[in-house]
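Hi,

Here is the structure I said I would pass on. Have a look at it first, and my notes on what turned up follow below.

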Amino acid sequence: MTQFENLELEALLQQVSLGEPPTDTQALALAELEDTAHLAAVASQLRDRGHANVISYSRKVFIPLTHLCRDVCHYCTFAQTPRHLPAPYLSVEQVLELCRQGQAMGCKEALFTLGEKPELRYSTARKALAELGFASTLDYVEHVASRVLQETTLLPHINAGCMNDAEIAKLRKVSASMGIMLESAAERLCAKGMPHYGSPDKVPAVRLETIERAGRASVPFTSGILIGIGETRRERIESLLLLRDSHRRHGHLQEVIIQNFRAKPDTLMAEAEEPDLDELLWTIAVARILFGAEMNIQAPPNLSPGVLPQLIAAGINDWGGVSPLTPDYVNPEAPWPHLETLARETASAGKYLQERLTVYPAFAGEGSVWLDQSLQTRILQSIDAQGFPRTDDWCPGEAVEPPAEVLEAVTAAISASEVSADVRHIVQRCREGLTLEVAEVVRLYAARGKDFAWLCQQADQLRALVNGDTVTYVVNRNINYTNICYFKCQFCAFSKGKLSENLRGRPYDLDADEISRRCQEAWQRGATEVCMQGGIHPEYTGQTYLDIVATVKQATPDMHIHAFSPLEVWQGALTLGLSLKAYLSQLRDAGLGTLPGTAAEILDDEVRQVLCPDKISTGQWLEVMAAAHEVGFNTTATIMYGHVEKPLHWARHLLRIRELQQRSGGFTEFVPLPFVHMEAPMYLKGRARKGPTFREAILMHAVARLVLHGLIDNIQTSWVKMGEAGVSTCLQAGANDLGGTLMNESITRAAGSQHGQEWAPPVMEARIRGLDRKPLQRSTRYQAVSEERRHAARSAGPLSEPVNTPARKYERSKRSAELVRNELIVSSQSP
């Protein structure tokens, strides 16, 4: 190459490193660039931008449904003739037994591999299919895959070869993903004497048409190229560009595989030269450069033993499927690496091995687009917020032990040098009290492996700096004055409307006497606070909330009232025709002390349109809080996460809280509230995840501590949702407060939580001391309480059985149009 051409290529690689993919002409020019190390450096940088420190894999069962094939590829040992096989097809029971064994070993993918349309070549295949009751191999594939879905937890990935639209549509209903290797777009490889001669299904145009059809059908699809079978570097690039063109049209390629040819005995290419390592690394790097940061670039680990870190350095982010049970029937001479070995070699390259489903995270998270309706709930309820699979049984509210891997990570010895450079940089910005960009917060939420462990430890260091070793809690009583609500929040299992009698409990509306009794009993038991919220009863007005405050103050004059979410304040002000400030001033003057920051859920209207479309918007919630702070109230801030949202929404939420705190300074604490799914309507309808994973729950507290550093000093963890082991871990990852003892907890228990109604002060303090921390009973405003209150709390007797006053009028008397809702929502309810 001339010096001028070298300069042009240098400029191209600089362009690519900035995120602008090469044009077709520029891409073809890469065929002349032999500096693999330079290409790999650019590719690795791109990979890190899209996938951080994660290298993924799928734990699979390899199912060779039939080895019969009408094609005769010169390098293949998978295809066999009928006389070499005990049976033309695996039986349904054979497949199910493999899948059951794989399920017991933690596999989540059933990889169906088969020859191309063998019935078109072999009478044996036609006869076998007829005896099984099927007209074609693909009809049998559909049946077997459906049985796998019905009788196991595995998700089929189907490599069924070239297909028409009807065949793709049929298999889409019984698979989470499909694939076909392009191998090469070089037509000359189909000529006589070349590896694809005599193989009609290897004609490039035919394979490309299947890839196009899959794109039009919105199938998460796998493809790639096979290198070293006689193609040139330019032809590899041409093949990759055709795949890129198809992906640009449809967005359906979930991965591009770079597979190196391995010569096999008893084939026509047994003596052919295999591509060397440099060829493989060069091709991986070029594929990454062509497809950019986000694409998943895969290289099978069993075909390159001993050099896996070099494959990572060239730009891959995925190892493909690895089976602890079945061999690679396509490359039987190359055993899978043990997963422990794969994790170790991945770690030696500074990366974290992360399991995925057969359908990649970005596609799993957009199931309504990419998955058949019959699979959407199944996959949604098996993934985390990023789309990776849940790999343990822990869920908020359930009495299940957290995963040991996360518990150990929080206290593991991690050096900063072992952590991704971008994570170190972002955390340093947090330490300096700087405002992060949304993308930076999203990156923190993506932390896994050593990045996750180090991030939690950094959050805990900030906690120690700000709060010392003191862990605070407040003795309080929850009083939910009514469970009748005309809003339709899809996550709520507590509120009762006309159609919700099937949920836990009957409709009630506490009378003043019961509210007074509960307050007096709470005071006698050492409480300094009553926390009061409820459903939005259709007959409640702003005066109702003023009356509740008066009732509490009359019963217990010294009790701090922490009450009324922004939704209740908004509704109360509108029903009285008052401005927010005017109504909040009335509440303050009546004796309201502080406001809880609930009803925030996720402060992003994209999510709220799904969760609570008739509730106040993000802007309205922030407006109420700003007004409350302006008239002198302190409030808390919350996030309710783990249902339909993504880390992007968490980041927006956190930064909106931070921005308001910078202006007002009114938030006393931030409270992550993990979604408890068990009885939540949206979960029961199949429209929500199972709450956050344990890693996500811990991470939420840690990231909050980092992002809000210098502005909100207290990060609270919810024992009723996280359980004992959960709050202990949160207290080692940035949290410093355990919230309230509660006495009565209704809302989370209604959703299915098993962690009880009360953690009395002796319980709180024993668990805090168990972490070598110092317990402090606090007031709502984080001041120490009197000795009299402390003594009363420690000598408290058992609670009387609460009485939920039955609702006198359950049927609504107001017309729907009269009910206060988000002004952007048009109600369609009948009177």
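**Aromatic pairs**

Searching the whole structure turns up 14 aromatic pairs. Before I go into them, please keep in mind that this is a predicted model. A pair of rings is described by how far apart the centres are and by the angle of the planes, and I'll give you both for two of the pairs.

Take Tyr481 and Tyr540 to begin with. Their rings form a tilted pair, with 6.1 Å from centre to centre and 35° between the planes. The two residues come from distant parts of the chain, 59 residues apart. Tyr481 sits in the loop between β11 (476–480) and α20 (512–524), while Tyr540 belongs to the loop between β12 (529–533) and α21 (542–555). Are they buried or exposed? Both Tyr481 and Tyr540 are buried.

The other pair to look at is Trp719 with Trp759. This one is stacked, at 5.0 Å centre to centre and with 10° between the planes. Trp719 is part of helix α29 (residues 719–730) and Trp759 is in the loop between α30 (747–750) and α31 (761–769), so the pair ties together parts that lie 40 residues apart in sequence. Trp719 has a relative accessible area of 2%, so it is buried. Trp759 counts as buried too, because its relative accessibility is 7%.

There is also a cluster: ring pairs link Tyr481, Tyr540, Tyr545 and Phe564.

What does Trp759 touch, leaving out residues up to four places away in sequence? The list is Trp719, Glu724, Val727, Thr741, Met764 and Arg767. For a sense of scale, the C-alpha atoms of Trp759 and Val42 are separated by 55 Å, and the two residues are 717 residues apart along the chain.

While you are in that part of the chain, find Pro762, which is in helix α31. With a relative accessibility of 48%, Pro762 counts as partly exposed. Pro762 and Arg794 are 32 residues apart in sequence, yet their C-alpha atoms are 6.9 Å apart in space.

**Two helix contacts**

Packed helices are described by the angle between their axes and the distance between those axes. I have two contacts for you here.

The axes of helix α18 (residues 438–445) and helix α26 (residues 647–664) come within 8 Å and cross at roughly 120°. That angle makes α18 oblique to α26. The crossing of α18 and α26 is right-handed. On the α18 side the contact is made by Val438, Val441, Val442 and Tyr445, and on the α26 side by Pro647, Leu648, Trp650, Ala651, Leu654 and Leu655. By class, the contact of α18 with α26 has 10 nonpolar residues, no polar ones and no charged ones.

Now for helix α4 (residues 92–104) and helix α6 (residues 137–151). Their axes come within 10 Å and cross at roughly 40°, and α4 and α6 are therefore oblique to each other. α4 passes α6 in a right-handed crossing. Which residues meet there? From α4 they are Val92, Val95, Leu96, Cys99 and Arg100, and from α6 they are Tyr140, His143, Val144, Arg147, Val148 and Glu151. Sorted by class, the contact of α4 with α6 has seven nonpolar residues, one polar and three charged.

Most residues other than glycine have a negative phi, which is my reason for listing the next two.

Ala52 is not a glycine, but it has a positive phi of about 55°. You'll find Ala52 in the loop between α3 (36–51) and β1 (54–66). Ala52 counts as buried, because its relative accessibility is 12%.

Asp266 has a positive phi of about 65°, and it is not a glycine either. Its place is in the loop between β6 (253–260) and α10 (277–291). Is Asp266 buried or exposed? With a relative accessible area of 81%, Asp266 is exposed.

That's it from me. Happy browsing!

Key
Residues numbered from 1 in each chain as written. Predicted model: local features only at pLDDT ≥ 70, side-chain atom pairs only at ≥ 80, totals over all residues. Heavy atoms only, no water. Axes fitted to C-alpha atoms, helices over the stretch in contact; angles between N-to-C directions. Helix = DSSP H or I, 4+ residues; strand = E, 2+ residues; numbered from the N terminus. Parallel < 35°, antiparallel > 145°, perpendicular 65-115°, else oblique. Left-handed = near helix turned anticlockwise from the far one by under 90°. Contact = heavy atoms within 4.5 Å. Nonpolar A, V, L, I, M, F, W, Y, C, P; charged D, E, K, R; others polar. Phe/Tyr/Trp six-rings, centres within 6.5 Å; stacked < 30°, edge-to-face > 60°. Buried < 20%, exposed > 50% of the residue type's maximum accessible area, 1.4 Å probe, protein only.
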